Amino acid sequence: MCGIVGYIGSRDIISVLLVALERLEYRGYDSCGIAVSYQGRIFIKKTAGRLFKLKEILNSSPLFSHEEGETLIGIGHTRWATHGKVSDENAHPFLDCEKKLAIVHNGIIENFQELKERLINNGHKFESETDTEVIVHLLEEKIKKDHISEKDFLKALSETLKELKGSFALCLISPLFDFLIGIKKGSPLLCGIGKNEGMIASDILALVGICKKVYIMEDGEICFLKKDKVNFYNENGEKIEKDAQTLDLKVKEVSKGRYRHFMRKEIFEQPKILTENLEKRLYDKEILLGESFHLYPEDIKHITNIVIQACGTSYHAGLIGRDYFERISEIPTTVEIASELISRPFLFNNNTLMIAISQSGETADTLAALRAAKERKIKSLAILNVKRSSMDREADNVIFINAGPEIGVASTKAYTAQIFNLFILALYFALIREKINTEKLNNYLKELKTIPEKIKKTLLLDKIIKRVAKKYYNSPHFVFLGRGINYPSALEGALKLKEISYIHAAGYPAGEMKHGPISVISEETPVICICVKDSTYEKMISNIMEAKARGGRIITIGNENDKRLKEISEDVFYLPATIEFLTPLLVAIPLQLFAYHIACLRGCDVDKPRHLAKSVTVL
Ligand code: AGP
């Protein structure tokens, strides 16, 4: 959580930092701040609240005035509070007592309490309740105030790092130096270089438009970034060499374009993303899983069981994946919430395959479970969107879902791209394990190729969904019901609605209703029922009737021409028909749009819902 950024160069530094923070805001947005080093001083502005508030503050009282074209160095932060309430004082950056160092931090310093006590005893004055502030004071103790060589500063830095427990990424500036400092241990950090300028940030999105090359920093690494060169060191202060990669993202890909919200843009991108995935994953009649997939056919034949682990929406995709692996590849599969899995004994064997699913590749719980599997020599495969993420580096195998940057906090396009790739993977496993013949495979692939067009058609429901949303957006509570492969869709529909509209919503397997949850249904309860023509259809109809009999306001998601649904529902969203396995890809669309319109009608901040952050990088 938290987004950190640093810039060195001669552009308008305030604008550069604010644009970068805007792109990082999805990581946390309860407070923000910037600091710039200029003419021997550090100028700083920070506030509780969103970035627009900081912009207003900077407009009414500019940070400082300077000559255009001068090289300046600055840092910025957008916060998701862990230690210390949301307040101006707890917003980053933080300064040391002499105001010669400014720092921004993403992560947690676990031993901050004991360090703080020691520093207070040594006379340091603290201005916040955060864990972060100890770092600058600790460093301050180790450096002479008015002059220090680069070499001695590096030594002080590595001594300081040795005292810090926890995970962190840091960005530091000081008027004592003409460079920007980045440090990574446990939290992501990248260093990018452009033409006579450079940036350090917790996410590649911040570097787009400025940097042409990017260095992925590893744990324990330190960088000193000057405007025309960068030096990397290990935690002992020894110089190291690193290879840069080309930054291939365009500004267009990280902006909203003509859309009001990123979430809406991302919902409408889904046909294109699945078309691109089809092109990448299928060549002639062959399945291609990409160059980071290294499992040999012999390995695949020996898999005894799969354990899928993930969080949130990725977990819901995993539940759908279970159906694919069990029913198509015939491999026993369990699906675990990553944060729960890490506190349980790992009763898996050497022929277990762990599949970690994550859009960001940085979710702390998923990463911890992946690491636990690696320690036990369990083979791992990560299904990821973000390349060069921690899971990309740590998993034995990776399949990318090719969804492009997903910026809205609510995951939409990554979800359908995850389901798509899980389906392809299950087909591949089934082929290798001889559980599927060519004819069946071709039939599946033929239908899969129709999905982008069917999603396009489903997106035309937008206006109808908005109209229906107007009827229900004041309801205090929603129930989502599904069965079989669409039970996870019900969970996902409820999660989408609650995270962006703040309305309580619960997803249930429809057959479980009569074992308790049905008692929540009253005449005010909208009940969204997924009732496509699949093997659970008749049972689903019975469950709808049960909910209706208790006064529930029935909204169904079903197939075109299903007259029965019209008779039993107050509102219906009709989808094109497809095979049962692929229905979740279509069902997701009205669920996403419904949540989106309800949230807009309630005036919620769709892309940045309260209390949330896109990547949850704390355990
Ligand atoms: C979904 O809309 C979420 N915001 C959230 O549940 C998310 O899916 C979860 O935090 C997992 O993230 P990941 O896919 O990046 O690991």
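**Ligand site**

The structure is a predicted model. The ligand sits in the second largest pocket. A shell of 14 residues surrounds the ligand. Ser314, Ser358, Ser360, Thr363 and Glu499 are the closest of them. By class, the shell holds 4 nonpolar, 8 polar and 2 charged residues.

Domain 2 (258-449) and domain 3 (456-606) each give at least three residues to the shell around the ligand.

| Residue | Protein atom | Distance to a ligand oxygen |
|---|---|---|
| Threonine 313 | backbone N or O | 3.1 Å |
| Serine 358 | polar side-chain atom | 2.6 Å |
| Serine 360 | side-chain N or O | 2.7 Å |

How much of the ligand's accessible area does the protein cover? On its own, the ligand has 410 Å² of accessible area, and the protein covers 91% of that.

Which elements give two or more residues to the shell around the ligand? They are helix H9 (312-327) and helix H17 (487-501).

**Backbone features**

Two loops carry backbone features worth checking by eye. Glutamine 39 lies in the loop between strand E2 (31-38) and strand E3 (41-48). Its phi is positive, at about 50°, although glutamine 39 is not a glycine.

Proline 93 lies in the loop between strand E4 (72-79) and strand E5 (94-95).

Definitions and conventions
Residues are numbered from 1 along each chain as its sequence is written. This is a predicted model: local features need pLDDT of at least 70, side-chain atom pairs count only at pLDDT 80 or more; totals for chains, interfaces and linings use all residues. Side-chain values use heavy atoms; hydrogens and water are left out. A residue is near a molecule or strand if one of its heavy atoms lies within 4 Å of it. A polar contact is a pair of N or O atoms within 3.5 Å; within protein, one must be able to donate a hydrogen and the other to accept it, and residues adjacent in sequence count only if both atoms are side-chain atoms. Accessible areas come from the Shrake-Rupley method with a 1.4 Å probe; for residues, only the protein chains shown count as cover. On a 1 Å grid over the protein atoms alone, a cavity is a set of points where a 1.4 Å probe fits but cannot get out, and a pocket is an open set with protein on both sides within 12 Å along at least five of seven lines; lining residues have an atom within 4 Å of a point. A molecule sits in a cavity or pocket if more than half of its atoms lie within 2 Å of its grid points. Helices (H or I, at least four residues) and strands (E, at least two) are DSSP runs, numbered from the N terminus. Ala, Val, Leu, Ile, Met, Phe, Trp, Tyr, Cys and Pro count as nonpolar, Asp, Glu, Lys and Arg as charged, and the others, Gly among them, as polar. Domain bounds come from an automatic or database domain assignment.
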